[in-house]
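Thanks for sending this one over.

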Amino acid sequence: MCGIVGFVGNVKAKEVIVHGLKKLEYRGYDSAGIALNIDNDIKVYKAKGKMENLEGVLEGKELDSNIGIGHTRWATHGEPSDVNAHPHSSESGDIVIVHNGIIENYLDIKKGLKAKKIVSETDTEIVAHKLNENYNGDLLDTLKRTIDEVRGTYALVVMHKEVKDEIVLAKKGSPIIIGTSEEGNIIASDIPAVLKYTNKIYILEDGEYARVTKDEVQIFDKKLKLIKRDYIEVDMDEKTAEKDGFDHFMIKEIHEQAKVIEKIVNTKKLEKVKTNIKRYNKIYFVACGTAHYAGLIGKSILDRNTNAAVFAEVASEFRYNEPKIDRKTLLVVTSQSGETADTLAAVRMAKEKGARVLSFINVVGSTIARESDEVIYTMAGPEIAVASTKAYTSQVMTMILTFSKMFGKAVDVVNESKELMMKFDNVLDIEGYVKQLSNKYKDVDRAFFLGRGMDYNLAKEAALKLKEVTYLSSEAYPAGELKHGPIALIDDNTLVVGIMTDERLYEKTISNLKEVKARGAKVLAIINDRNDLVLDVADDVIYIPKSQGEFNAVLANVPSQLFAYHMAVAKELDVDMPRNLAKSVTVE
Ligand code: F6R
């Protein structure tokens, strides 16, 4: 949440920072801002809304500076506005900062401040004033002494107008990396912001500080002792974070899924898994949102293959449900970003109580990946659209392969995966038809997704996808549960989507679809079989190829992804950056 970019080097800072912020816009787009040191004077430019507004403000301005910081915001303290936008300055304007995270004790710090003029409602501005009061000519030491007074989470990046060749930063709980290139050094919340210039990355750990000049990146521990750290070279380039001729990242990422599956199958079949699942009698799948729904598929695999008690919970509730964790507990975590605050908190709690943590993570080197006992990378590549598509598929696929190895069934699964790759292209062929359906149903008032068994798990992900990109009220229900209340909402402008991949359950789900049809609903069926009963009830049917067990979760999810995407396009909404959302949720 919130994207930070800082630059010091040999080229114009404005270009590097604006480019980087555009790449990080998925992290929040309530406002954006930039501060540049121009001849020992700090100039700050901000705009409410997306980066294009900030670019409008900057247009035509000859800003000759090789050092600056920038920010794209997802609002926590204070509404989205110009004044609440980062960077925030001290009263004198000498110090300027950008921040990702939450300063929990900012009201206490505010009480003791000498500054008279506090202009925003943000927690961050308070830290800018505090830094100014603590300033002693050594910017890094000033930052450390200020951080000693702060409670909360932060990636905090600081510039001073008199120190025009260095940027200092501190990290706890929010990600920050530093890319090193010929053009200079680039600080950023995430790797896509620096890929145009470099793939050589330093990763900062919690409690660490850094001093960045154009020629040097110095990393310090919590006592400001210099640490020797080498950069890592990431296996990504700028192209993987481009739209590649597609109109939006979301549809590009939906189409990339066949390649992602292929890469996963080819790589994972060779990888050894260290976790011995037989040692655990309790297994918790913990994650948020789409990643949680992928975890539900993992749970269904383990339910069938182990004697352990298997649970799946959303991370934000997990800690409060008094889970019984001990050394015989395995926590299985799914996360695209590897930074989700609630998921990370669950990992830390479970580890403290002696559980082993096995995680399925996309972003290499992210905090959860680093803190897990074993990490299986899900290899989806950068996912830029806020609505997750290929990350879900990659999580389900890596879990299928990893668990099958644990149960000695790897060979069968690899063969089945190869078939899946072919079937996947057939599913994408239905895009034209799904687009027609989206145009037909774009004006419905609400949608329900129904399923039984694993199809109910698919319904949850399908309903989430539709609501986040179209803003339609869209809910998932176990097909048999609707008549216990929610059926009251059904009318002739309600769309009900029945998901059916398990032939043992077709008839029952179809009966439930008949109940809503009788009350006026429009019925769309997603099914992996030609079936007369379904033709009798559904207004429209999307057929998908039949597959084995949990592989159905990979295939049957694609029509729902395409449907959500084309509905959002038909409604002329911002598909890649839906309102109020951010890609990486680093606050609890
Ligand atoms: C929905 C979506 C979110 C994320 C959730 C967890 O499309 O993307 O629900 O799945 O915020 O994020 P990660 O996977 O980064 O932990």
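1. Let me start with a question: which side chain does the side chain of His71 join in a polar contact? The partner is His86, at 3.4 Å. A polar contact here is a pair of N or O atoms within 3.5 Å; within protein, one must be able to donate a hydrogen and the other to accept it, and residues adjacent in sequence count only if both atoms are side-chain atoms.

2. Before going further, please keep in mind that this is a predicted model, where local features need pLDDT of at least 70 and side-chain atom pairs count only at pLDDT 80 or more, while totals for chains, interfaces and linings use all residues. Residues are numbered from 1 along each chain as its sequence is written, and side-chain values use heavy atoms, with hydrogens and water left out.

3. Back to His71, which is found in strand E4 (residues 67–73); strands (E, at least two residues) and helices (H or I, at least four) are DSSP runs, numbered from the N terminus. His71 counts as buried because its relative accessibility is 0%, where buried means under 20% relative accessible area, exposed over 50%, and partly exposed in between (1.4 Å probe, protein chains only). A polar atom of the His71 side chain also lies 2.8 Å from the backbone oxygen of His99. Leaving aside neighbours within four places in sequence, the residues in contact with His71 include Cys2, Leu21, Ser31 and Val98; contact means heavy atoms within 4.5 Å.

4. The domain assignment, which is automatic or from a database, gives domain 1 (3–239), domain 2 (248–428) and domain 3 (430–588). The centres of domain 2 and domain 3, taken over C-alpha atoms, are 24 Å apart. Across this pair, 46 residues of domain 2 are in contact with 42 residues of domain 3. The two domains bury about 3,600 Å² between them, with 65% of it on carbon and sulfur atoms; buried area is the accessible area (1.4 Å probe) that two parts lose on being put together, summed over both.

5. How many salt bridges are counted between domain 2 and domain 3? The count is 1, a salt bridge being a side-chain nitrogen of Lys or Arg within 4 Å of a carboxyl oxygen of Asp or Glu. Glu550 and Arg304 meet through their side chains in a salt bridge of 2.3 Å, N to O. On the side of domain 2 that touches domain 3, helix H13 gives the most, with 9 residues.

6. Ile254, in helix H6, is worth a look. Ile254 counts as buried because its relative accessible area is 0%. Not counting residues up to four places away in sequence, Ile254 touches Thr389, Phe424, Leu428, Gln561, Leu562 and Tyr565.

7. Finally, the structure holds 44 salt bridges. One of them joins the side chains of Lys171 and Asp206 at 2.5 Å, N to O. This pair links distant parts of the chain, 35 residues apart, with Lys171 in strand E8 (residues 163–172) and Asp206 in the loop between strands E11 (200–203) and E12 (209–212). Lys171 is buried at 1% relative accessibility, whereas Asp206 is partly exposed at 29%. Another salt bridge pairs Lys390 with Glu256 at 2.7 Å, N to O.
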